[in-house]
Amino acid sequence: MSSQPAQCVAARVQPQSLNEGAGSEPLAADVKDTVDLEESGPAIEFSAQVPLPDYLQQTYWWAYIHPASVRVFERQWLVNLILWGNFARLRDLALDEIGASIQGDVLQVACVYGNFTERLAQRLEPDGRLDVVDVAPVQLKNLKKKLNGIPRIRLHHQDSTNLGFADASYDRVVLFFLLHEQPETARVQTIAQALRVVKPGGKVVIVDYHRPSRFNPFRYIMVPILKTLEPFAMDLWRKDIVKWLPDRAHSATVEKRTYFGGLYQKVVITR
Ligand SMILES: C[S@@+](CC[C@H](N)C(=O)[O-])C[C@H]1O[C@@H](n2cnc3c(N)ncnc32)[C@H](O)[C@@H]1O
């Protein structure tokens, strides 16, 4: 457990086993990152060694990369509409799994439009700490503005498939609507990395899409939407998340619940 104010992180920890489950080139231990200390709010650690993944540039440029994307999508009502009015419920399902009040170290893998991170940060006790990772600098800058004045948070420019944190360094890791955006190879690596950095006995909390029941009208409404805009999301309809767990996670316990007629799922993996 550690208690520390928002600060710059000058060097990465690069454990030997870092690349287990990772697909890209390892980050060099001595990479000198630039640290954005401008304005108030948490510092952002940027790295020239972290390129944007192809799927983000090709499939999701309009949602997360284009300079106008933040202006368009950073609206609480819009993220709620995209989740058919379920944003607050799904957010709180994930946050309650992390804790009503949070002590210890939490890692949020990927930024989210809306108030997910603010609400998470509000639950931090004085000995709680939050690290947030995203691969898109524009998203980290947007999050920094939203977190202005909230202490004990650090923002890291990293790829979820190759996290630069030591093994077993977090009590909780949360992945909120990230896995459906990733091609299968990246998804497998992201899950492996989340399990690598969580402590034994710690939890990886995943909230994402799921195949709705046959009687749920959203099953039919969502097919053309997802196939057009989020082509990898249908993987989560076809396959259980547990199928993407690495072999070495065989001793982990996995709890799954579905919501909104099965369109959404929460999966909690206890390592
Ligand atoms: C977590 S999803 C959240 C989607 C959600 N619907 C929302 O409202 O924001 C989107 C974020 O994931 C980030 N992301 C996608 N692939 C990533 C990766 N490989 N590593 C880190 N962040 C990634 C994107 O840059 C984006 O900020």
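**Close-up views of a predicted model**

**View 1. Length of helix H5 in the predicted model.** Helix H5 covers residues 87-98, and its twelve residues should span 16 Å at 1.5 Å a residue. The C-alpha atoms at its ends are 17 Å apart, which agrees with that expectation.

**View 2. Buried and exposed residues of H5.** Phe87, Leu90, Arg91, Ala94, Leu95 and Ile98 of H5 are buried. Because these residues cover an arc of only 130° around the axis, they are on the same side of H5. Asp92 and Asp96, on the other side of H5, are exposed.

**View 3. Surroundings of H5.** Gly99 follows H5 and has a positive phi, near 145°.

**View 4. Strands E6 and E7.** E6 and E7 run parallel and are joined by six bridges. Arg172 stands opposite Lys203 in E7. Nine of the twelve residues of E7 are buried, and this strand is therefore mostly covered.

**View 5. Residues around the ligand.** By class, the shell consists of 15 nonpolar, four polar and three charged residues.

Terms used. Residues numbered from 1 in each chain as written. Predicted model: local features only at pLDDT ≥ 70, side-chain atom pairs only at ≥ 80, totals over all residues. Helix = DSSP H or I, 4+ residues; strand = E, 2+ residues; numbered from the N terminus. Expected span 1.5 Å × (residues − 1). Buried ≥ 20, exposed ≤ 12 C-beta atoms within 10 Å, placed from the backbone. Arc of directions from axis to C-beta. Contact = placed C-beta atoms within 7 Å. Near = placed C-beta within 6 Å. Nonpolar A, V, L, I, M, F, W, Y, C, P; charged D, E, K, R; others polar. Pairing = 2+ DSSP bridges.
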